[in-house]
Amino acid sequence: MKLIYSILLILCGLAMTSAQKTFVVQGTVQDFHDKTMLENAVVKIGDFTVKTDQKGNFLFNKIPPGNYMLIAKHPDCNDYIKNIDITQNVHLSIMLEHHIQDIETVTIHGNHKSNGSLIVKTLDKSEIERNSTENLGNVLSKISGVSTLKTGNNISKPIIHGLYGSRISILNNGVKLAEQEWGVEHAPNVDINNFQHIDVIKGASALKYGSDAIGGVVVMEPEIFPKKDTIKGSVNLSAISNGRGMGLDADVAKIWKNGWAVKSGGSIKKSGDQSAPDYNLKNTGMDFSAFNFTVQNNAYDKGISFDYYLTNQNIGILRDSHVSTTGDYNRAMTAVSPIYSGSFSYDIDNPRQVVAHHIAKVSAFKRFENIGKISATYSYQYNHREEYDIRRGELKEIPSLDLELMTHQFNLNDLLEREKWSLETGIDGSFQNNYSDPATKARRLIPNYDKYAAGFYSVFKYKISGDFNFETGARYDFTRYDVTKWYDKSDWEGKYADVFPEFYVKTDQNRVLTRPKFNYNNVSFNAGLEYHPSPVFNLKFNYAKVGRSPNVAELFSDGLHHSAGIIETGDMRLKNEQGHQFNLTADSKLNILKGLNLSVNPYFFMTKNFINEVPVGIKGTIRGVFPEWAYQQIDAKMYGLDLDINFKITNDLTYVGKGSYVYGQDETNNEPLILMMPPNFSNALQFKKEKWNYFYFTLENQTFLKQTRFPVRNAELEIYENGELVSKTVDFNTPPNGYSLWNIQTGINISKNLSAGLTVNNLFNTSYRDYLNRLRFFADEAGRNIILNFRYRF
């Protein structure tokens, strides 16, 4: 019996010893993408709870054996949940998906992560919605240092620090727009209503977007959807007084909590002839339509998206810009009011341009613990441009210029982030095919060509200390043109026969067929420094050495550019541009009243072999009389200053001011560069009162001084007066007088879902001409324009 008791006591002792045994569970909690140790993360094992220390460490001293639910939590992170068996001491490395709240912040407020030394200005969703009937160029001109090169008011191209066209890259949801961007009257084919915010990166420092973006980059980003089950959307109806137009834009999105989302939207806009304060502007109406569709499934660690965008534009060109005789041309250039005026009409007649642009894109990304976030994007674009000239008979319905441009683009990118540094590396490639239809029965301005391009880039950012951030980047680009081009025999023999004999194919009567093939190589790099010693002061400096290859128009233009109303002549002998660019910006916050923010951005750009297009004379053709512009290569320099002021006078009243100045000089010919933005500034008072149903009211004055720096390139024109042939000087150069405009913008929420807005541009119906409007020789700018809109959100 004693033996039995002894055995039972031993077994009970062993059981009690086993029951009392516990284990140590310890580990770390880190940010998944940059490996930063996370302080104050809450870690729970069953009923036991601890927090991480400053180094991200946690410790449980006595965890009994068993199966537990492990939960790790941290602000702005997705919860980490896992079942674990505790049978021994355990060390855990927990990775949390941090910055989830950053994505929500971008969605709701339009804020951005730090852009390092890049100089970025942003238009948020509210600014876009208040200007929903405007085109991209006109909207971007609200940013200091950005202006527009116009052909009338419906066609405008953004200019950043005096540079435009192929020197500006425009990205639609990560896809670089590929269109006939070389044309001065080729407006970007986008619908601004698709986007949550539009960023302008000033200067050439954003090498990941391409080394040819010497002037800067326009980045248009759509909405990032929150993770919740909902349906959301909006409908906006606009009425436009000048042109008697109407606009409608709408979008709807179905979103699921699991990351799936489907969105579709579109816009239509129609207007008739615009009017200057004193007369009708004949043939200045437009039809615009756009459609977009997105389906995506995005989480923090992976995602995939398919996107499609379509824009269609039918835009009239001011009738007076196309005339048939030298006498008519002289009268059109010197008349106080247009020769062709007439009464208002919705008809869009020749000259006009019809453009359709398609973008189809598929993109995906995946985050890996050790190699970072890998993203891949493929896109296909189709751009069809038709330009109609003043032609008679059956030719009236046949375009004078018919170009089809097909573009394939691919990009592979890796972003590796750590606590103190990040490294972004990528490769991209593209193939373009341009077809110029000979059925136009007109000389082909742009030849048929294939373009092959490839690039490799790497951008490194390092946090030197709490105050200093450093970044540097490098990029290599290869471009190849394979062109089929007909030349007049006299032009070929006079310019190129001795220089490029290998391109000769055959002669057909007075025409020569050629097959030019060019390869271009460019190496670019940049270095930048950000100094942020306190919350009230920030300094950014960036240097970039850049190279740009000539585009196909600069090399091969040869004939009448119909909707621009000019003859353009390229030059095959053009070389790569090589430039050095310096950008500095200083932002400060002063504790005056409710806060004063100042931003100053001086910049300097010097370039060798700068490709410049200038007027060189007047030519008569069977289509009429037109000025001739030719591409030339020079050495040039540009410098300037942008200024932004935001002064919060009271909680409801804010003063907003901005100003810009750019100086451009042709160093080769010792004369000013043509088409430089004149000095300008604006002053605005903004009143906002959320308690009054989010009422807002803005009064703005814009002033543009007369441009006093311009090259003198007048031309002589022979016309008949009273039966005698006389010579007249045509002034292509002298800028118009400066001007000052007043604008107002106001709005209010009528109900929870319905808001109304009113915009009045050129309030006092001022007559003026814009130096950067290529049609300023023939007519005044549009007069007063009243835009009323109602937006319903659901």
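I looked up S363 and found it buried, with a relative accessible area of 14%, where buried means under 20%, exposed over 50% and partly exposed in between, using a 1.4 Å probe and protein chains only. The model is predicted, so I note that local features need pLDDT of at least 70 and side-chain atom pairs pLDDT 80 or more, while totals for chains, interfaces and linings use all residues. Residues are numbered from 1 along each chain as its sequence is written, and side-chain values use heavy atoms, leaving out hydrogens and water.

S363 lies in strand 22, residues 352–368 (strands are DSSP runs of E with at least two residues, numbered from the N terminus). Apart from neighbours within four places in sequence, S363 is in contact with G303, I304, S305, A376 and T377, contact being heavy atoms within 4.5 Å.

Next I turned to the largest nonpolar core, which has 27 residues; such a core is a set of buried Ala, Val, Leu, Ile, Met, Phe, Trp, Tyr and Cys residues joined through side-chain atoms within 4.5 Å. L149, F610, M638, L673 and L772 have the most contacts inside this core, and strand 31 (537–548), strand 35 (596–621) and strand 36 (624–648) each supply at least two of its residues.

Note on methods. Helices (H or I, at least four residues) and strands (E, at least two) are DSSP runs, numbered from the N terminus.
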